[in-house]
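Hi,

Here is the structure I promised you. Have a look first, then read my notes below.

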Amino acid sequence: METKLVTIDNVKEAGQIIRDGGLVAFPTETVYGLGADAMNEDAAARIYKAKGRPSDNPLIVHISDIEQVNLVAEEVSEAAWKIMRHFWPGPLTVILNKKKEVPDGTTGGLPTVAVRMPSHPAARDLIRESGRVIAAPSANTSGRPSPTTAGHVMEDMKGKIPMIIDGGAVGIGIESTIVDMTGEVPMILRPGYITKAMLEEVIGAVQVDPAVSGRTMQKDIVAKAPGMKYRHYAPKGSLTLVEGPEDQVVDKINALAWEKTRQGYRVGVIATDETIARYYVGVRKSIGRRDNPDTIATHLYSILRFCDDFELDYIYSESFFEDGLGNAIMNRMLKAAGYHLISL
Ligand code: TXA
Ligand code: MG
C-alpha cells in the first residue's frame, strides 16, 4: 500500500478514508495518533494490526465536541463533566462507563471507555469532517517511542496505512494524562501534561495509580491502564539514568561513557542545555532546558528515536525532577530505561 503524506488541505479525502473503515495518522497536541472509526470493529482491528499492538490494550476515542461524550459513555459523574469542561480541548483523557454501542474491539473488552477531545486544529478538523468519533492510539509501532513528527510516523507506518496528515512537530511531546472517573476517587492512570495539582484545583482529591508513580519496577502491582504494563518507549540500546548532585552526575556519566567507548561500543549521552558542554565522550545530545520542563517533554521521544538511528549500544542520561510535568517525563524515561537508575 502506498502511504500518502499530505497536509490538512486533504481533510475531505482523509474523512472519507475514516468513513470507509480505513486508517489515517494525524497530529494532536501531544503525539501523532493513528485514527479509525471508533464504532467500527473492523476498523479498530486494522489499528492493532498496523501497530502490532496486543489486543487487550484499549484505544482512546477522540471527539471534536463535548456533546459526543454521550455517544460513547453513560452515567457520567458531575466531577467528570467538570474536568472535561475545564481541560478540553486539551491533553486529558477521561475514563468513563462505556455505552454498549462502543465495540469491544475499541475498548479491549473493558466496561469503560477512554475519551479525549484534542486541541490540535488538524485533529479536530479530521474528526468533524469524518462525521465519526475516532479511536486513536499513538501512531508508532508497538514498543517504539511515540511519534512527535510526521517523519516518525512514516518510519513506522510506511506501506501499512493509506494516509498521514503532516502537521509539523507536535507541541507537548508526551501522551495525555489519563484519569479514571468511574471510581469513588478520581485516579491518574498515566501522568501527563495535566498534573495532579492541576486536576485537584478543579475537582479536589485525586489519587495516582501506584503502578505508575513508582521509581522502581512495580512487579506485584498491575497497572490499571492496560497499556502501562508494557515495556514502552524503549530505544534498542541499553539506557541508564543517573541522578544526584549535578557535578557527580556529570562525572559518573563521563566515566561510564568512557568505559563503554573503550570497550568498542557506540555510546550516547543525554544531557541538558545547562550541562551539555561538560560531557566529552560519545554522541552527545541535549534534551532541553532543565529550567523549562516543557522543552524536555517536547524532545524526549525524538531523542530516543535518534538513539536508534545512530545504533547506539549504551545510552546514559541525566535524570529529572519528579514534580509537576517532571513526573510524567520521569515516568516515560524510567520505562524506557527498564527502571535502570543509578542514584549518587
Ligand atoms: O495523547 C494521547 O493520549 C495520544 C494521542 C494520539 O491522543 N494517544 C495515546 O494512545 O497515547 P495510546 O493508545 O498510545 O495509549 C492509550 C492508553 C493505554 O495505556 C491504554 O491502556 C489506556 O490508554 N486505556 C485506554 N482505554 C482504557 C480504559 N478503558 N481503561 C483504562 N485504560 C485505558
Ligand atoms: Mg502509545
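Strands (E, at least two residues) and helices (H or I, at least four) are DSSP runs, numbered from the N terminus. This is a predicted model, where local features need pLDDT of at least 70 and side-chain atom pairs count only at pLDDT 80 or more, while totals for chains, interfaces and linings use all residues. Residues are numbered from 1 along each chain as its sequence is written, chains are lettered from A and ligands numbered from 1 in the order written, and side-chain values use heavy atoms, with hydrogens and water left out.

Now the pocket. Strand E7 gives the most to the lining of the largest pocket, with 4 residues. A pocket here is an open set of points on a 1 Å grid over the protein atoms alone where a 1.4 Å probe fits, with protein on both sides within 12 Å along at least five of seven lines; lining residues have an atom within 4 Å of a point. The lining counts 42 residues, and Arg53, Pro58, Ile60, Ile178 and Arg190 lie nearest the pocket's centre.

What sits in the largest pocket? Ligand 1 does (more than half of its atoms lie within 2 Å of the grid points). E7 also gives the most to the shell around ligand 1, again 4 residues.

Next, the polar contacts (pairs of N or O atoms within 3.5 Å). The side chain of Asn57 has an N or O atom 2.7 Å from an oxygen of ligand 1. For Thr112, a polar side-chain atom is 2.9 Å from a ligand nitrogen, and for Arg116 one is 3.0 Å from a ligand oxygen.

Cheers

How values were computed
A polar contact is a pair of N or O atoms within 3.5 Å; within protein, one must be able to donate a hydrogen and the other to accept it, and residues adjacent in sequence count only if both atoms are side-chain atoms.
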